[in-house]
Amino acid sequence: MAVAAVISFYRCDGKALLPVKLTEIQENDMKRYILGATITAVAALTAPSAVLAQEQCGEVTITQMNWDSAAIVTSVSTFLMEQGYGCDVTVVPSDTTPAIASLAENNEPNIVTELWVNSAGDAYKKLIDAGKIEELTSVLDPGGVEGWWLPTYLVEAHPELATIEGVMANPELVGGMFNNCPDGWGCRTVNDNLIRALGLEESGVKVFNHGSGETLSTSMAAAYRSEKPWFGYYWGPTTPLGMFDMTSVDLGAYDEVVHSANQNADAPAPKVSSFPAAPVVTTVTKDFMESHPDITKLMSNVTFKTATMSQILAWKEENNASNEEAAVYFLKNNPDAWSGWINDSAKVKLSALLK
């Protein structure tokens with residue numbers, strides 16, 4: 001077997017490894033093919049053992065939610081299942097509501113990754129209570145993050161800005177402006193209530209309500225690259241929080257009752273609470289958990305630091321890469337992380353990547 005030929009003329013393209021003519025590879029795309037080389041080589045080297053293992057693992061269905069971080073989680077998990085455990089994986093494009101409906105009606109798909117519990121609603125809770133599905137792990141640690149942020153260089157220069165009290169006492173140091181969410185976003189309601197509760201505008205900080213998520217992120221990027229002040233709301237995992245070193249302003253303690261009340265646009269007397277981390281989990285059906293203990297154990301271990309996922313998203317943006325290429329990037333650069341997710345048999349199959 002000529003592994004060099006595979007590395008030179010094949011690329012990683014989802015499940016399929018497609019032959020590529022040398023003339024198709026442009027200079028600015030070459031790094032993508034190089035990134036896929038190790039994955040491709042391992043697939044070729046481990047194919048015989050994977051075929052044998054398929055008889056034990058069989059078919060697996062897994063969601064790919066329609067946002068980038070979820071697609072990367074699914075791509076990484078799919079590779080490990082196929083090449084480490086010999087599974088025949090079918091990726092099911094989905095979103096939160098369709099995934100929950102499919103589980104309720106069809107007991108499929110087997111695995112749901114990056115499920116944001118706060119968005120899943122009562123139907124999800126009913127599936128848990130009925131014992132039809134099981135939560136395996138927090139696939140993002142500590143979860144989805146929200147907050148009011150400043151560039152870290154600003155906080156390092158003015159440590160008093162680390163707290164909201166310090167920001168309000170020095171509005172000129174943050175540019176005298178708070179960058180708020182667009183109208184219609186859930187964060188807009190919470191932010192508006194916090195602004196009222198704090199008396200933010202009375203302190204000298206004007207509120208700028210962005211018209212879109214694009215202008216919100218662009219304002220952060222423009223300020224950061226010019227090393228100017230920027231103060232506003234953002235969330236993660238996201239590309240900007242992976243690209244730019246930002247510090248979350250301390251809004252004080254988290255109060256569940258207060259935060260819940262602040263989600264009501266008509267809250268009569270809003271109070272101040274920090275944002276909680278949103279739980280983001282991987283689930284499996286109860287039937288799959290019982291029939292596939294090895295894969296259940298694997299998916300129980302698959303977890304990404306939220307900051308790490310933001311960095312992967314930033315790499316994807318900076319390199320104009322696909323989600324599959326971002327998954328390859330993670331696998332190649334973080335073997336110490338994911339080698340602890342897999343069992344000894346899978347480590348043998350994937351030994352070329354673990355070196």
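This text walks through the structure above, from the whole chain down to single residue pairs.

The model is predicted, so local features need pLDDT of at least 70, side-chain atom pairs count only at pLDDT 80 or more, and totals for chains, interfaces and linings use all residues. Residues are numbered from 1 along each chain as its sequence is written, and side-chain values use heavy atoms, with hydrogens and water left out.

Start with the whole chain. The protein chain holds 18 helices and 14 strands. Both are DSSP runs, numbered from the N terminus: helices are H or I with at least four residues, strands are E with at least two. The chain has 355 residues, and 48% of them count as buried. Buried means under 20% relative accessible area, exposed means over 50%, and partly exposed lies in between, using a 1.4 Å probe and protein chains only. The accessible surface of the chain comes to about 16,700 Å². Carbon and sulfur atoms account for 51% of that surface. These areas come from the Shrake-Rupley method with a 1.4 Å probe, and for residues only the protein chains shown count as cover.

How does the chain meet itself? A contact means heavy atoms within 4.5 Å. Take the contacts between residues at least 6 apart in sequence: 75% of them join residues at least 24 apart.

Now look inside. A nonpolar core is a set of buried Ala, Val, Leu, Ile, Met, Phe, Trp, Tyr and Cys residues joined through side-chain atoms within 4.5 Å. The largest nonpolar core has 39 residues. Within this core, L80, F304 and W341 touch the most other members. Several elements each supply at least two residues of the core: β3 (59–65), α3 (68–85), β13 (280–285), α13 (293–301), α14 (306–318) and α15 (323–333). Helix α3 gives the largest share, seven residues. Follow W341 to see its neighbors. Leaving out residues up to four places away in sequence, W341 touches V76, L80, Y85, L298, N301, V302, T303, F304 and F330. There is also a second, separate core of 23 residues, whose members include L154, V155, L173 and V205.

Next come two paired strands. Strand β8 (residues 145–151) and strand β11 run antiparallel, joined by five bridges. Strands pair if DSSP finds at least two bridges between them. Strand β11 (residues 232–236) is mostly covered, with four of its five residues buried.

Turn to the cysteines. A disulfide is a pair of cysteine sulfur atoms within 2.5 Å. The whole structure contains two disulfides. One joins C57 to C87, with an S to S distance of 1.9 Å. The torsion about this S-S bond is about 95°, so the disulfide of C57 and C87 is right-handed. This pair links distant parts of the chain, 30 residues apart: C57 is in helix α2 (residues 30–57), while C87 is in the loop between α3 and β4 (88–94). C57 counts as buried because its relative accessibility is 10%. C87 has 1%, so C87 counts as buried as well.

The other disulfide is formed by C181 and C187, with sulfur atoms 2.2 Å apart. The link of C181 and C187 is left-handed, with -130° about the S-S bond. Both C181 and C187 are buried. Number the bonded cysteines in sequence order, and the pairing reads 1-2, 3-4.

Last, the charged pairs. A salt bridge is a side-chain nitrogen of Lys or Arg within 4 Å of a carboxyl oxygen of Asp or Glu. The structure holds four salt bridges. In one of them, the side chains of K316 and D68 meet at 3.3 Å, N to O. K316 has 15% relative accessibility, so K316 counts as buried. D68 has 34% and therefore counts as partly exposed.

Another salt bridge joins D129 and K125, whose closest N and O atoms are 3.0 Å apart. Both residues lie in helix α5 (residues 117–129), four residues apart, about one turn of the helix. D129 counts as exposed because its relative accessibility is 55%.

D192 and R188 also form a salt bridge, with closest N and O atoms 3.1 Å apart. D192 and R188 are four residues apart in helix α8 (residues 186–198), so about one helical turn separates them. D192 is partly exposed, at 31% relative accessible area, whereas R188 is buried, at 13%.
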